[in-house]
Amino acid sequence: MENNALTTQAIKCGDRTAFEVFYRFYYKGLCAFASQYIPLVEAEEIVQDTMLWIWENRESLDTSLSLKSFLFTIVKNKALNHLTHEEIRRKVHQSIAKKYQEEFESPDFYLNNELFLLYRTALAKLPPEFRLVFEMNRKEHLTHKEIARQLNISPQTVNYRIGQVLKILRTELKDYLPLLLTLLPHL
């Protein structure tokens, strides 16, 4: 593009043809330039975003500035920002992976999650009044008398419902019962 001021003025006035010529002229060079910093696919995206920004902000373009230098500076800065963002993301992922590596590598982590899901699914199948009594006892650590008082039912009803829940859970989770018994106080 030989005459920077004329091209800039044409784009500034909304000349689509001038912008298309400008776009085609710089596109490949800008992509190659940006791909020195980041992968080509991401470089192309940055160049397209930059060109779109030029078009959307065409009215504020300064005809005295070198459009070429302006474009390459924007693309370089966006590529470097992208690199910085990716580096930060990579470091965060590494930090999380390092922090939880032991857990993720442990078969118990997956077994416990699977077991917890089976436990929650079994609880969801219970009648609501049975589940409520069971959770008040196991999660809130309330006694049978305290539950009976809060729900205005007899302690024998509380005892019966908890017994029924345990019977259902033993049936639903029979394959996992030994492990469940060690984990149940924590659930």
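Asn-152 sits in the loop between α7 and α8. I begin there because the residue, at 73% relative accessibility, counts as exposed. Its phi is positive, about 60°, although Asn-152 is not a glycine. As background, most residues other than glycine have a negative phi. His-141 also has a positive phi, near 60°, and is likewise a residue other than glycine. His-141 belongs to the loop between α6 and α7, the latter covering 144-151. With a relative accessibility of 57%, His-141 counts as exposed.

The average pLDDT of the protein is 83, and 82% of the residues score at least 70. Confidence is highest in α3, at 94, and lowest in helix α9, residues 177-183, where the mean is 56. Where pLDDT is low, the predicted coordinates should not be read in detail.

Let me turn to α3. This helix comprises the 17 residues 40-56, which at 1.5 Å a residue should span 24 Å; the end C-alpha atoms are 24 Å apart, so the two values agree. Which residues of α3 are buried? They are Ala-43, Ile-46, Val-47, Thr-50, Met-51, Ile-54 and Trp-55. In general, an α-helix has 3.6 residues a turn, so residues three or four places apart point the same way.

Leaving aside residues up to four places away in sequence, Thr-50 touches Leu-71, Ile-74, Val-75 and Lys-78.

I come next to the packing of two further helices. Helix α6, residues 128-138, and helix α8, residues 155-172, pack at an angle of about 95°, and their axes are 9 Å apart. That angle makes α6 roughly perpendicular to α8. On the α6 side, the residues that meet α8 are Glu-129, Phe-130, Val-133, Phe-134, Asn-137 and Arg-138. Their partners in α8 include Val-158, Tyr-160, Ile-162, Val-165 and Leu-169.

Finally, how many salt bridges does a search of the whole structure find? The search finds one. Glu-135 and Lys-139 form this salt bridge, with their closest N and O atoms 3.9 Å apart. The cut-off is 4 Å, so the pair falls within it. Side chains of opposite charge can pair when their charged atoms come close. Lys-139 has a relative accessibility of 41% and so counts as partly exposed.

Notes: Residues numbered from 1 in each chain as written. Predicted model: local features only at pLDDT ≥ 70, side-chain atom pairs only at ≥ 80, totals over all residues. Heavy atoms only, no water. Salt bridge = Lys/Arg side-chain N within 4 Å of Asp/Glu carboxyl O. Buried < 20%, exposed > 50% of the residue type's maximum accessible area, 1.4 Å probe, protein only. Helix = DSSP H or I, 4+ residues; strand = E, 2+ residues; numbered from the N terminus. Expected span 1.5 Å × (residues − 1). Contact = heavy atoms within 4.5 Å. pLDDT = per-residue confidence, 0-100. Axes fitted to C-alpha atoms, helices over the stretch in contact; angles between N-to-C directions. Parallel < 35°, antiparallel > 145°, perpendicular 65-115°, else oblique.
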